Amino acid sequence: MTPVSTDQNAGDTSQCEGVALDGCNTLGFSARARALSEPHTVEAARAQVLASRQAGERLVVIGGGSNLVLLPWLDAHVMRPAFDEVIITPAEDGLTATVSVEAGKRWHALVMELAAAGWWGYENLALIPGCCGAAPIQNIGAYGVELADHLLRLEVMSLEDGSCRWMNREECGFGYRDSIFKGALEHRVLITRLELQVSRQASPRLGYGDLAQRVSAALPQGEEVTPLQVAQAVIATRSEKLPDPAQLGNAGSFFKNPQLPQAEAQALLTRFPSLPHYPQADGSIKLAAGWLIDQCGLKGARRGHVGVHAQQALVLVHFGEGAVTELLALAQEVREAVHTRFGVWLEQEPRELGMMPEG
Ligand SMILES: Cc1cc2nc3c(=O)[nH]c(=O)nc-3n(C[C@H](O)[C@H](O)[C@H](O)COP(=O)(O)OP(=O)(O)OC[C@H]3O[C@@H](n4cnc5c(N)ncnc54)[C@H](O)[C@@H]3O)c2cc1C
């Protein structure tokens, strides 16, 4: 395990110095925690779980910090899994393969490795930042594909006692940007590895945005589309719309697309016929939160060091040197404006971790 740094005063809650979590969240706000470690093996992670348990300190797992709003003080030992092994085991007929991937592997790197090797399944989820261990937390999704679609099972380690067990897809309670890890198991387990299934069978999902156009423009005549070409089309589309966190602090979509019961959504659609909406299998209707925000005149709005992204109203951005309180105030302004105009309360997507300093 690489102890990045440790707080000499762990156990003394009056000492809020700890270690800087610089680079631990893509929004780029400053935050501190009691300690930070990066175990390189599952065994080292278990040792940290047991050590934290014995010390009576809270242990919080994070990945790439791309779905987090870090508040200034996190009264916990922060662990960032650095184990990242990938094993691809083809089935006997060679048509499918099981991919075993450890928590610390970068999601986008995995997607590109699979796509380049000709495996279909996750090419639509290219360029989503973060680590594989975090992907199940909100069941990452884009362009009509979700993590859960091809997940066979995943392994979790209890943050109570370090014991490991496998969970199948049904046990994970996946939903739209949701899972049991945001509910009953929130901060209670470390997801150590995922098992995914990929296929040689071509299954391009090009029904979203301009993917179909991009793919056919790049495809030499008479050739079959490959998963890599789909991934590249996704990357091109995303790069045009979403700010790169390395250039401009952000956590991707800051709000979920609201899902309303049919009658409620229909009432809104009667008043606002151009509201983009997507009927769901369960009868509810998903509305485009970005459109709602845009209609409130907030797209591109700037408040001090933070703002609503000019190309994608769902994304709140941090221009640098700002405080997380500015971002939270802007998020509240957006929610209130949308509620006043449309009667819909937007739900925040990134999870908040930590607390504001007293006083
Ligand atoms: C530019 C941009 C674009 C994005 N686009 C998309 C998109 O298209 N679709 C989408 O779904 N999301 C998107 N996101 C959100 C984000 O990338 C995903 O949610 C990603 O899975 C978060 O991974 P992470 O490693 O950064 O997690 P973190 O932000 O570090 O953590 C997120 C949560 O998971 C928990 N966690 C992390 N790792 C583990 C683990 N191993 N075990 C247990 N708990 C853990 C943390 O405690 C935290 O609560 C985007 C974000 C950005 C910045």
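Helices (H or I, at least four residues) and strands (E, at least two) are DSSP runs, numbered from the N terminus. The model is predicted: local features need pLDDT of at least 70, side-chain atom pairs count only at pLDDT 80 or more, and totals for chains, interfaces and linings use all residues. Residues are numbered from 1 along each chain as its sequence is written, and side-chain values use heavy atoms, with hydrogens and water left out.

**First stop: two loops**

Select H187, which is found in the loop between β12 (164–168) and β13. H187 is not a glycine, yet its phi is positive, at about 55°. H187 counts as partly exposed because its relative accessibility is 29%; buried means under 20% relative accessible area, exposed over 50%, and partly exposed in between (1.4 Å probe, protein chains only).

Next, select Y143, in the loop between β9 and β10 (145–146). Y143 is also a residue other than glycine with a positive phi, near 50°. Y143 counts as buried, because its relative accessibility is 14%.

**Second stop: the ligand**

Which polar side-chain atom lies 2.7 Å from an oxygen atom of the ligand? The atom belongs to S66. For Q138, an N or O atom of the side chain is 2.9 Å from a ligand oxygen. A polar contact is a pair of N or O atoms within 3.5 Å. The protein covers 96% of the 980 Å² of accessible area that the ligand has on its own (Shrake-Rupley method, 1.4 Å probe).

Finally, select W107, Y122, L147, F181, L194 and L196, which have the most contacts inside the largest nonpolar core, a set of 42 residues. Such a core consists of buried Ala, Val, Leu, Ile, Met, Phe, Trp, Tyr and Cys residues joined through side-chain atoms within 4.5 Å. Elements giving two or more residues to this core include β8 (96–102), α2 (107–116) and β13. The most come from α2, with six residues.

How values were computed. Polar contact = N/O pair within 3.5 Å; in protein donor to acceptor, adjacent residues only side chain to side chain.
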